[in-house]
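Subject: Structure handover and notes

Dear colleague,

I am passing on the structure we spoke about, with notes on what turned up in it. Please keep it open beside this message while you read.

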Amino acid sequence: MKNNNVTEMNLNSNGNQERYTSEQKLKACNDMVANTYRRFEQASIKTDDYGNLTEFTDLPSAERFARNMSYVKNTRNIIASGLKGEREAYEAISLMCEDKRILRNIQTPAYNSDYSVEHDMIVITPKGIFSVEVKNIHSHYAEITEQGMLVSKHADNKVRTHDNVVQQSRRHYASIKSVLKGTKYEFTRITSVLLFSNDMCNVENKFNKELSKNYINICYRNNAESVLVSPMDKTVLTTDEINEIADMLEAISEGYEERKYTLCINSQMMDEVVTAYINDVYAQRREEEKKEGIKKHSFLSKISKCFRKNNKEV
């Protein structure tokens, strides 16, 4: 039997070819949520405090709406959390030593590939070049597994698997390495950093400790200096060299289009799902009014008969 329940969720491959920057994607999700509940208010459809349907929830159209809205809200929350984490990390790193350059959302060529990799930040300090990947996980505990996967554990006992952060870090490392190859900075120290913007998240690294020196250097936004400008590390770059490397990386990044991403559900699709539910609600209300009218008519008929019978007896 054909499964119609996944129709809306699989439109990315055939129906919705639009692509968005992270900010555009967030705005699109916010607009869909706001427009949906505005339409519900106009149709006098009530929802609970969390925006969940409370009327005719057993309708197929209600189930489709709930599934699609859940996707939109989850997507919105993930993007908003990521952008917030990057912003907080940038603000914290900006307070570090004056001798630095911070490059945000920089793209560099992927090693042995025509594609590019995107770095949340590349920070260049007197201590070297750092590719910083920011994670903003709303959990008090997370771990990097022996396989390099980032896994977070939450209060409701749910376990969420994120990216393979080791693989991601290795791509970033190799990309910068390939850019510097053949230049006087070919042997400059490059370090991949995993920065957790949520300082309350306790991260345990179970990945190979020896390999972690290159690929998994963990810090939090408020102790990033311990990695990026550690007094234990040698000074390898002057101010002029920092600026020269930064200018080189920026020039390379400008050759790429800004990264854009797909969204499985766009406003038109959501409008169609919302319209279907509203129409079904109207139909159900008419049916209930019709049934109520029949009951009322039957009740009045009985009263009328009793009244006529009593009059005859009198």
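Throughout this message, a residue is called buried when its relative accessible area is under 20%, exposed when that area is over 50%, and partly exposed in between, with a 1.4 Å probe and protein chains only as cover. This is a predicted model, in which local features need pLDDT of at least 70 and side-chain atom pairs count only at pLDDT 80 or more, while totals for chains, interfaces and linings use all residues. Residues are numbered from 1 along each chain as its sequence is written, and side-chain values use heavy atoms, with hydrogens and water left out.

By these cut-offs Thr36 is buried, because its relative accessible area is 2%. Thr36 sits in helix α1, residues 22-42, where helices (H or I, at least four residues) and strands (E, at least two) are DSSP runs numbered from the N terminus. Leaving aside residues up to four places away in sequence, Thr36 touches Phe65, Met69, Met270 and Val274, a contact being heavy atoms within 4.5 Å.

The protein as a whole has seven helices and 11 strands, and of its 314 residues 41% count as buried.

Rings of Phe, Tyr and Trp (its six-membered ring) pair if their centres lie within 6.5 Å, and planes under 30 degrees apart count as stacked, over 60 as edge-to-face and the rest as tilted. Tyr37 and Phe40, three residues apart in helix α1, form an edge-to-face pair at 5.9 Å centre to centre with 75° between the planes. Phe40 and Phe65 form another edge-to-face pair, at 5.2 Å and 65°; since Phe40 lies in helix α1 and Phe65 in helix α2 (residues 60-94), this pair ties together parts that are 25 residues apart in sequence. Phe40 and Phe65 are both buried, and one aromatic cluster is formed by Tyr37, Phe40, Phe65 and Tyr277.

Turning to the strands, four of them form an open sheet of mixed pairing in the order β7-β6-β5-β9, where two strands pair if DSSP finds at least two bridges between them. The edge strands, β7 (159-164) and β9 (202-205), each pair on one side only. Strand β6 (residues 149-153) runs antiparallel to β7, with four bridges joining them, and β5 and β6 are likewise antiparallel over four bridges, whereas β5 and β9 pair in the parallel sense over four bridges. Ala142 has Ser152 as its bridge partner in β6 and Val203 as its bridge partner in β9. Four residues separate β5 and β6 in their hairpin, and Gly148 in the turn has a positive phi of about 95°.

Lastly, the largest nonpolar core has 30 residues, and those with the most contacts inside it are Ile122, Ile124, Ile129 and Ile144. A nonpolar core here is a set of buried Ala, Val, Leu, Ile, Met, Phe, Trp, Tyr and Cys residues joined through side-chain atoms within 4.5 Å. The largest share of this core, six residues, comes from α3. A second, separate core of 27 residues includes Ala28, Ala43, Leu59 and Tyr71.

With best wishes
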